[in-house]
Amino acid sequence: MSSTTPSSTLPDWVGNVDLNQMDTLHQFYYLIRSNFSELEITTYVSLAYIFVLYGILSLPWFLIKKFKPSFLYKYKLQLKEEERLTDWNCVFQLVLNHLLLLPLLYTGYPVLKWVGVSYDMNIPPWWDMVGRSLIFLVIEDAYFYWIHRWLHTEWAYKHIHKMHHEYQTPIGYCSSYASCTEFVLLGVGSFIGPFLFGIPHIIGWWVWMTIRQIEAIDTHTGFYFPWCMSNLIPFYSGPLHHDFHHKTYNGNYASTFTWWDYLCGTDKNYREWLQKQKKKAQE
Ligand SMILES: [Zn+2]
Ligand SMILES: [Zn+2]
């Protein structure tokens, strides 16, 4: 990074970026790119990032469940506590599932290269990475809806999906609490968008993973705050929608948006319940 470094000695991946005038993101990425190969960045660094991100996003929900602050707890959707589960059940399964990501990422590396992922210092603008991630969300949601609906058929529920529903009252950190088969099966949905539309840079992949994790944890919070994203973003499902799924075991199968359930009529019970709640509030 020294200003005296002759440009001829710089690796190809630096491209035309001026190493003396990098913003924080470029400095951070330069540090990673200097120390790891493309394969290591895709596998170990990505896994570490996803795991740390999940931990950071989950931590507030561990704390809220443990200390039950009244100013937040008044927004809890279901007050029932899970009896059979301890947090250690959840932590063990989460670690196991995340370790499964490693072979998936190894397998995904040639696919990412094939769809044109770059590892150089020319990082695309944020709007490109976020915009693509929103398209990926729409695609992942469609995949999730139909696979999740199938997971509620008798055989698939018993053998694959039952574990995720051990949390009848979900809390943020249980979003990836699922059998290994389910984790991999539903995880495939995160690769379809990038496969179809491409990702120009590995940081775009991390941006996509970040948005997907935020959404998955948000829908499992089990709290319906006035500032919920579902109150701000049209057609976003949010915690109220998915909490109903965990409470009743059927309907509301989508991960992110409400349109599939609406079009297929699988939110009929949910909408009736919402109407009843509204009437009660008016009485
Ligand atoms: Zn389910
Ligand atoms: Zn769930």
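What follows is a quick tour of some local geometry in this model, which is predicted.

Let's start with a helix pair. Helix 2, residues 38–67, packs on helix 4, residues 87–114, at an angle of about 140°, and their axes are 9 Å apart. The crossing of the two is right-handed. So who touches whom? On the helix 2 side you've got Leu-39, Thr-42, Thr-43, Ser-46, Leu-47, Ile-50 and Phe-51, and they meet His-98, Leu-101, Leu-102, Leu-105, Tyr-106, Tyr-109 and Leu-112 in helix 4. Sort the residues of that contact by type and you get 10 nonpolar, 4 polar and no charged. If you're looking at the spacing in those lists, remember that an α-helix has 3.6 residues a turn, so residues three or four places apart point the same way.

Now stay on helix 4 for a minute. Helix 4 has 28 residues and spans 40 Å from first C-alpha to last, close to the 40 Å expected at 1.5 Å a residue. Where is the kink in helix 4? At Gly-108, about 35°, shortly before the proline Pro-110. Gly-108 is also one of the buried residues in this helix, along with Cys-90, Gln-93, Leu-94 and Leu-112. Those buried residues of helix 4 pack against helix 2, helix 8 (189–197) and helix 9 (202–219). And just after helix 4, Gly-116 takes a positive phi of about 95°.

For another helix, look at helix 12, residues 268–282. Helix 12 has 15 residues and reaches 22 Å end to end by C-alpha, close to the expected 21 Å. Helix 12 is hardly covered, with a buried count of 1 among its 15 residues.

Most residues other than glycine have a negative phi. Lys-68, though, has a positive phi near 45°. Lys-68 sits in the loop between helix 2 and helix 3 (70–73). Is Lys-68 buried or exposed? Exposed, because Lys-68 has 10 C-beta neighbours inside 10 Å, and the cut-off for exposed is 12 or fewer.

Phe-235 is the other one: not a glycine, yet its phi is positive at about 70°. Phe-235 is in the loop between helix 9 and helix 10 (238–248). With 13 C-beta neighbours inside 10 Å, Phe-235 counts as partly exposed.

Notes:
Residues numbered from 1 in each chain as written. Chains lettered and ligands numbered in written order. Predicted model: local features only at pLDDT ≥ 70, side-chain atom pairs only at ≥ 80, totals over all residues. Axes fitted to C-alpha atoms, helices over the stretch in contact; angles between N-to-C directions. Helix = DSSP H or I, 4+ residues; strand = E, 2+ residues; numbered from the N terminus. Left-handed = near helix turned anticlockwise from the far one by under 90°. Contact = placed C-beta atoms within 7 Å. Nonpolar A, V, L, I, M, F, W, Y, C, P; charged D, E, K, R; others polar. Expected span 1.5 Å × (residues − 1). Bend = angle between axes of the 7 residues up to and from the residue. Buried ≥ 20, exposed ≤ 12 C-beta atoms within 10 Å, placed from the backbone.
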